[in-house]
Amino acid sequence: MADLNVVTLVSIGSHPASGRPRRAEQDARAVELGLRLAGEKLNVVHAGDPQEETLRAYLGMGLPGLTVLEQSSEADALPALTEHLQLAKAQLVLTGSQAETGEGSGMLPYLLAERLGWPLIVGLAEVESIEGGSAQVLQALPRGQRRRLKVRLPFVASVDAAAPAARQSAFGPARRGSLEREAVELVDDPLYANAQWQPARPRPKRLKVIKAKTGAERMKAATAKAAGGGGQVITGVSPQEGAEAIFKLLLDEGVLR
């Protein structure tokens with residue numbers, strides 16, 4: 001894998017408590033995975049505002065340098081990244097699954113793979129081997145499950161939280177690493193300009209009303225196991241019948257009106 005041209009895309013993160021800028025957690029995992037594959041030959045790219053102190057946290061992971069495609073937050077990063085990756089002749093592009101600041105839609109890996117015409121691996125946990133122009137990877141699935149996939153190079157992969165944790169950032173390498181800034185053509189992002197911004201909040205959970213008079217009844221209701229039985233397993237049906245069943249479920253749950 002020493003000759004593999006790996007590019008990792010990073011963004012500016014935000015601390016969940018204080019909101020201060022930091023390295024993004026999932027992007028740092030992507031850098032960690034890239035370092036294990038390519039070592040110091042790893043190419044790390046950031047498209048956006050060049051916040052030097054925050055980006056140096058990535059350099060502190062042992063990177064000799066980092067490329068910054070300078071553009072404002074209102075500009076669309078997709079055209080600049082696409083052109084840069086094509087010129088760099090990248091073979092494997094690693095990203096986080098979702099940014100911690102900005103739009104945070106998680107659409108960049110999908111749009112980037114579509115524009116490049118490459119396959120996309122979602123939820124990458126590990127790259128096991130690369131041989132003969134193909135890579136064998138592990139994809140993270142719910143409940144700790146894994147799925148082994150084989151995909152041809154080049155491809156884009158979004159790294160899952162199940163990937164190896166990022167190493168700590170050291171002060172010395174962070175100061176010695178270089179930030180190479182490149183001027184790119186700015187393309188306005190109409191979605192960013194017309195969007196209404198508000199902090200993301202988790203949806204409130206419905207609380208079950210316990211109608212119990214005695215303490216024993218309240219304890220029994222609180223510790224009782226929730227009874228299922230509302231689900232339905234549909235097998236051996238046509239795609240049309242399956243779609244109608246899903247549509248009916250969304251209507252019953254109030255998702256669609």
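Start with Glu126: it stands opposite Leu138, which lies in strand S8. Keep in mind that this is a predicted model.

Now widen the selection to the two strands here. Select residues 120-131 for strand S7 and residues 134-140 for strand S8; the two run antiparallel and are joined by six bridges. Strands of a sheet pair through backbone hydrogen bonds, either parallel or antiparallel.

Next, show the whole sheet. Which strands form it, and in what order? The order is S9-S8-S7-S10-S6-S1-S4-S5-S11, nine strands in an open sheet with mixed pairing. To find the edges, select 146-152, which is strand S9, and 178-183, which is strand S11; each of them pairs on one side only. From one strand to the next, the twist averages 35 degrees.

Then select residues 25-38. This is helix H1, which packs on the sheet. Its contacts are with strand S1 (6-10), strand S6 (92-96), S7 and strand S10 (155-159). Compare the directions of H1 and S1: the angle is about 165 degrees.

Select residues 12-190 next. An unreviewed UniProt entry lists this range as "domain: Electron transfer flavoprotein alpha/beta-subunit N-terminal".

Finish at helix H8, residues 239-252. How far apart are its end C-alpha atoms? After H8 comes Gly254, with a positive phi near 85 degrees.

Key
Residues numbered from 1 in each chain as written. Predicted model: local features only at pLDDT ≥ 70, side-chain atom pairs only at ≥ 80, totals over all residues. Heavy atoms only, no water. Helix = DSSP H or I, 4+ residues; strand = E, 2+ residues; numbered from the N terminus. UniProt positions renumbered as here; feature names shortened; annotations may be inferred. Pairing = 2+ DSSP bridges. Axes fitted to C-alpha atoms, helices over the stretch in contact; angles between N-to-C directions. Contact = heavy atoms within 4.5 Å.
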